[in-house]
Amino acid sequence: GTCMLRLAVVAKRALLVLVAARGSMAWRGPLVARKEAWLAESAASVVVVGNSGGDLDSVVSALATAHLVEGVALAAFKQSELTLRRDAVLALKHYGVPAREDGSIDELAYADDPTPTRSWRAVLVDHNAFEGMSWNVRQVSVVGILDHHADEGAHARAELFRVVDPACGSAATLVAERLLAASEAIEADLVGLLVSTIALDTRGFDPAQKRFSARDVAVVGELLDRLGSPPAADLRDRRVPDGLAPTVAGVATALLDARADVADLTAAQLLRMDFKQALLDDGLALGVASVLATLDDLTTRATERDRLTLGALLSDLTIEKRLDVLFALTKPSKHRPPSADDDAPAPRDDGEKRKALLYFAHPPTPLNPNVDVAALERKLVALPAELPPSLAALPLFQTQEIATLGLGASFRVLPGHSPVENDSVIPLRYSLIRREITRKTILPILLSFCESLRRQQRPPRGYPSSS
């Protein structure tokens, strides 16, 4: 009986692999056809929107969910900017998704495509509040959400599904769950893309980095079963048939290496490579760029490759993205903590590395009071004081010890960017912060603090605002 059961399991696995292989690449053609019909406004369709960062998770989750709901996959970045996402380029190429001359793919619609302006039925992946700054559309009805970030509480009545799990390592995990439940056979190249994406986001299930949950483990295990991968004692060592590398851990390493291959990029490109934006209910637009360069490297690239100061580049990006405040978070490097009598961050060989958090804010006007950035700075410096309990309880906030250690922030003007030194320069402020901090925690903190400050700036109901 045991022998027959084993044979049945093996036979089922072989059948799934065979069916998946036969259907390989067949899912992409309908995606292209639906996209072209939607852009031509000849057919309505559910639009699956990735987040403004547009990383591999966002791109693959949008493609896979559009396949699932028979919709259109829409990237929240320009067509020419896909090539900046080196990990996505590598994964898509490996699994046979052909690229155009500019590096973009036909299966996606883009932020600079002439998208319909009347109304959308949208599914959000890798974010849970619609980011409307990228498109000119009159009405958006959010009908579904699959996300792993802090829940902003928007679109509570999404009619198809609303799954937000901040403990999850990857939005692709939540997408794959629904695909696995919906079909006995998923195309092999799509399974490979999902496995690769989750492997990258979970850092190959490295327990030291604590970037995954039991949900991620279960989903990747089932996806690998679909590919006929033999079991292994450690998921990190499990084989990935026809993968970017032989094992799950190796796939993560290959994609991380590709993502970090930015030696040829300018500072302007680095700022756009992994950028996310958010819109408060009252219209304040906030952006955070996660930059794969140290502060010194970013500043040097700005002056030598872009022929502009870093402040000018951030100012240009706020105009392009229609932002009120723009933050940038750099890679960690060895720095001396800022002191009262020394503005310049100087290296020291104490082995401790810190990231830099810098920002640019447009000056307030009577029509747009913006946010009180001085008060925002004070809140960031005072952390963990005033950290909302809803954020403090999230697993990533605990892993990064923000609720106990805060950011370790102390802001000052970036050397060379003070109007006192040069009255034509654009002022830029920065702080060194703990290296453990990531955008996934910084952005929710900024949104919470900005919302709190904007509420304090509004006049009480029943009272006229001052003129």
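1. Residues are numbered from 1 along each chain as its sequence is written. In this predicted model, local features need pLDDT of at least 70 and side-chain atom pairs pLDDT 80 or more, while totals for chains, interfaces and linings use all residues; side-chain values use heavy atoms, without hydrogens and water.

2. The whole structure holds 20 salt bridges (a side-chain nitrogen of Lys or Arg within 4 Å of a carboxyl oxygen of Asp or Glu). One of them joins aspartate 264 to arginine 86, with the closest N and O atoms 3.3 Å apart. Aspartate 264 sits in the loop between α8 and α9, and arginine 86 in helix α4, 178 residues apart (helices are DSSP runs of H or I, at least four residues, numbered from the N terminus).

3. Are the two partners buried or exposed? Aspartate 264 is exposed because its relative accessibility is 52%, whereas arginine 86 is buried at 19% (buried is under 20% relative accessible area, exposed over 50%, partly exposed in between, with a 1.4 Å probe and protein chains only).

4. Aspartate 274 and arginine 439 form a salt bridge at 2.6 Å, N to O. Aspartate 274 lies in the loop between α9 and β7 and arginine 439 in helix α16, so the pair ties together parts 165 residues apart in sequence. Both residues are buried.

5. Aspartate 225 and arginine 238 also form a salt bridge, their closest N and O atoms being 2.6 Å apart. Aspartate 225 is partly exposed, at 30%, and arginine 238 is buried, at 7%.

Terms used. Helix = DSSP H or I, 4+ residues; strand = E, 2+ residues; numbered from the N terminus.
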